[in-house]
Amino acid sequence: QGGIIYPERDLNLLIEDVMRASNYTSNIDAINIMATRAAEILKEVLLEKAKVPFTKDEESHELKFTKEAAHSVSRILYTGDYTGKMIQESMLRYLLDESVAQRKGKIQLLTSHTAIDLITPSHHGVNLEQRYEKHQVVGAYLLDQENEKVLKVISKKTILATGGLGSLYLHHSNSEGIRGDGLAMAKRVGAFLSNMEFIQFHPTTFYDRSSHRRFLISEAVRGEGGILLNQQGEPFMRKYHPQKDLAPRDVVARAILEEMVTTGQHCVYLDISFEKEYWIKERFPTIYANCLKAGVDMTKTPIPVVPAAHYSCGGINIDRYGETNITNLYAVGEVSCTGIHGANRLASTSLLEGLVYGYLSAEDIQGKLNCSNTSVNYDGSKIKDWVSGKTECDLALVLQDWSTLKQTMWNYVGPVRSISRLKRARAMFKELSEEVFNFYFDAKLHDELIGLRNAIEVASVVVDSSLRNKKSVGCFYLIDEN
């Protein structure tokens, strides 16, 4: 619903805004890299190649820029309130264009496949020569869901671009497939993870009893005058912050949770129905349509909202070229940790970070592949086959374990944490991990089972990281900090 930063000028101001949003915990070198390369990369990839239809001025036909919370100037490109959808569709059209595919080489997209594990030399069925490095990745095992077969995909370079971990929470704004798979696979081969306790919670997502995935209600609704109300129809943000409904995102999220606990209700309400109907429909077409689909007309009644897990600021450690500490393994996007976001992400930096570091990774990979003797070629036929279990996967048990995990993450590892809650979560995940491990290798593989195994592993990392951090900062809030 937001957009993507296009930093054509005022780079120093952008760097300061990113640092300020993170409580000055961001990696200044990483921000400098992004700010320096961003404009040229965005112009080449999104404007010239993918031809993303960003909003333009009707008279001058120049790109229009908008401003979001914590930005000093208007520097964000957008398309209505559905920018992400337009970028995704434009990129897919470009990738699937036959003339481009022929020019760039063969591109094969595998749908209905689930990555199980990364392949390392330890999976090789022959004695390793000394020149083989143990700490490297040579491909991945994939589950073909439709044919129920496991494939071995061998590659000189492997990139993880699997997103964050939002769906580990009961309430989240992510796709249900965003469950930490890439993080878990990377951890199992020895990749370093960092800043895993820093998880952003968006304060206002549509509350729908029928789904854990929450449709985002943009901050712009409050920016345009929307007011948060409790179950009694009373504005409450004045009790929590002098900026009231325009307080920082983490403050608003915690205030809403406090109101929910106090009133014993499942949500609060966001009201902008006092504005003119035609204006609401024009300004927020996607939000209006989705609310209406769920039976709420935001032009006439308040929108039921609840905080939800939104973005993971931490991830797999990468260098300035996107490579991890594991040879030949790269990570790009939310699954990675460049250090740009630190303890709190500035709005609309995530798309830009993924774009820039994806490009830098491609440059690095292309340069290395053009040099001989930089990669070891493995014979796929000598890589050990994946040995699947024989027992049918009990989906009832798997779904119950998923429910336990989501409830535990939301109640004990949510926007407000404490040492006692975190210790309770760690004990519960330890028990859950032992139970799942016992039947994982005996059961036939299933996407939900693979995801559950990964989710438990990543949830445990988030808990351990939270217990190590003794002080509230950014989007990490600990009641009993030292």
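Which residues of α10 are buried? In this predicted model, local features need pLDDT of at least 70 and side-chain atom pairs count only at pLDDT 80 or more, while totals for chains, interfaces and linings use all residues. Residues are numbered from 1 along each chain as its sequence is written, and side-chain values use heavy atoms, with hydrogens and water left out.

Helix α10 spans residues 350-369; helices here are DSSP runs (H or I, at least four residues) and strands likewise (E, at least two), numbered from the N terminus. The buried residues of α10 are L352, E353, G354, L355, V356, Y357, L360, S361, D364 and I365, where buried means under 20% relative accessible area (1.4 Å probe, protein chains only). Their cover includes β1 (4-5), α2 (28-49), β6 (158-160), β11 (303-312) and β13 (329-331).

Turning to a loop, V335 sits between β13 and β14 (336-337). V335 is buried, with a relative accessible area of 0%. Leaving aside neighbours within four places in sequence, V335 is in contact (heavy atoms within 4.5 Å) with L160, A161, T162, G163, G182, L183, G315 and I316. The C-alpha atoms of V335 and C313 are separated by 8.9 Å, with the two residues 22 apart along the chain.

The axes (lines fitted to C-alpha atoms over the stretch in contact, with angles from 0 to 180 degrees between N-to-C directions) of α11 (residues 395-412) and α12 (residues 419-440) come within 10 Å and cross at roughly 165°. The two helices are therefore roughly antiparallel to each other, a term for angles over 145 degrees.

Conventions. Parallel < 35°, antiparallel > 145°, perpendicular 65-115°, else oblique. Expected span 1.5 Å × (residues − 1). Buried < 20%, exposed > 50% of the residue type's maximum accessible area, 1.4 Å probe, protein only.
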